[in-house]
Amino acid sequence: MTAEFTGRHVLAEFGGVDPVLCDDPERLEAALRAALTEAGATVCDVVRRKFAPQGATVLALLAESHASLHTYPESGDIFVDVFTCGSLGAGAEHAVELLRKALDPKEVRMSTVPRGRAGQRIEEPLAPGLTRVWELSEVVVDTHTPYQHMVIARTEQGISLFSDGDRQSTEAAQLTYHEAMMVPAFVLAEKLDTVLIIGSGEGVASRMAVAAGVTRVDHVDIDRLEVELCARHLPYGYTPEELDAAVRGDGPITVHYADGWDFLARAATAGTRYDVIVIDLPDERPEEAQHNRLYEAEFLTRCRERLAPGGVLAAQAGCATLWRNETLKRSWQRFHDHFGTVVHYGSDEHEWSFLFGLADRIGDPVPGMIDRLGTLPYRASTVDARALWRGTIEPRSLRA
């Protein structure tokens, strides 16, 4: 594919068309020729075929690509396909609109698919029947690591990271996301000396912990290639030099390329404990998925056992929106099964919810969190006292 190639592919369904017209390939050809010509397309050739007992297909070869009509007289339906490329711009949509006027359908459904360089996109599944489309102006990385399909691309939100079709972080929103995950944990923990981060391959969370005064960060991620590509191409998180130093263990951050499950087992053998443990992985799936085990009861138990007295477990726990809150409800129940105190934080300016668990039961932790926010060495940009108070009120669906 050349960098300059772009195109527009319009797919339309016309319903309620006169059945006699649907069965007349000559009239259909005339309407198609006229619409394409008026829209600026160059018609090179047209073929048509009438079928028995009824129905017709008309296919136009264009200098700019192709167009076709396929009809069902018995139901009054015409399926329209117009693909144009090059400098014709919105000519495909214009041609379909002219066809609509000529064929006079009672119902119209139409969609446009950008093609070529303009067609680079990621369709992110949100919930059954619901998809979010990301338009990519430039793909920087598109590769399959040993663990995931990874894409780094320029979007309207800046440089953005996608894993298996899911947005992980964007230049515009990553600070809001990471502060929502880290700042409540900082102000909940009794002390801030040691932090374990599982996942969070960009490195933002590790750097944030050091800025908060943490003296040792163990950053565990199983996907070495992803972490290296993030350092090389994302304008946030580790730089390549910082990552190299962290892999060597030079400084407060040490990167471990390992499975989080296995790392916790080794930490248990060594008796290592942490003031904060962070789980920041691709979203838990409602269906079975390999990484779901790092959200489930046994893993939470392992994390709780590795917390120092007064320590906090923080986890990305899903989305509060009613159409995709199943995994949040699961996490909410699990945290209450394993921790004496559970705090929710959801940012009004982001879609994710985070849960924080402490082994001991305390009455109302929020006033103390707000008091500590003002003394935290890390100065948050997106979490202030009012945001903290508001975000710790869990969604109604969790309280119901």
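Me: Contact means heavy atoms within 4.5 Å. Which elements do the buried residues of α5 pack against?

Reply: They pack against α4, β13 (194–199), β14 (216–220) and β15 (253–256). Helices (H or I, at least four residues) and strands (E, at least two) are DSSP runs, numbered from the N terminus. Keep in mind that this is a predicted model: local features need pLDDT of at least 70, side-chain atom pairs count only at pLDDT 80 or more, and totals for chains, interfaces and linings use all residues. Residues are numbered from 1 along each chain as its sequence is written, and side-chain values use heavy atoms, with hydrogens and water left out.

Me: Which residues of α5 are buried?

Reply: In α5 (residues 204–211) they are Val204, Ala205, Ser206, Met208 and Ala209. Buried means under 20% relative accessible area, exposed over 50%, partly exposed in between (1.4 Å probe, protein chains only).

Me: And what follows α5?

Reply: Gly213 does, with a positive phi near 100°.

Me: Back to α4. How do α4 and α11 cross?

Reply: The axes of α4 (residues 174–188) and α11 (residues 366–373) come within 8 Å and cross at roughly 100°. Axes are lines fitted to C-alpha atoms, for helices over the stretch in contact, and angles run from 0 to 180 degrees between N-to-C directions. The two helices are therefore roughly perpendicular. That label covers 65 to 115 degrees; under 35 is roughly parallel, over 145 roughly antiparallel, and the rest oblique.

Me: Which residues meet there?

Reply: From α4, Val183, Pro184, Phe186, Val187 and Leu188. From α11, Met369, Arg372 and Leu373. By class, that contact has 7 nonpolar, no polar and 1 charged residues. Ala, Val, Leu, Ile, Met, Phe, Trp, Tyr, Cys and Pro count as nonpolar, Asp, Glu, Lys and Arg as charged, and the others, Gly among them, as polar.

Me: New topic: strands. Is β17 parallel or antiparallel to β16?

Reply: Parallel, with 5 bridges between β16 (residues 274–280) and β17. Two strands pair if DSSP finds at least two bridges between them. Ile277 stands opposite Leu313 in β17.

Me: What about β17 and β19?

Reply: β17 and β19 (residues 352–358) pair in the antiparallel sense over 7 bridges. Also, 11 of the 13 residues of β17 (residues 307–319) are buried.

Me: What is the strand order in the open sheet of 6 strands?

Reply: β2-β3-β4-β5-β1-β6, with antiparallel pairing. β2 (43–50) and β6 (107–116) stand at the edges with a single partner strand each, so one side of each has no neighbour in the sheet.
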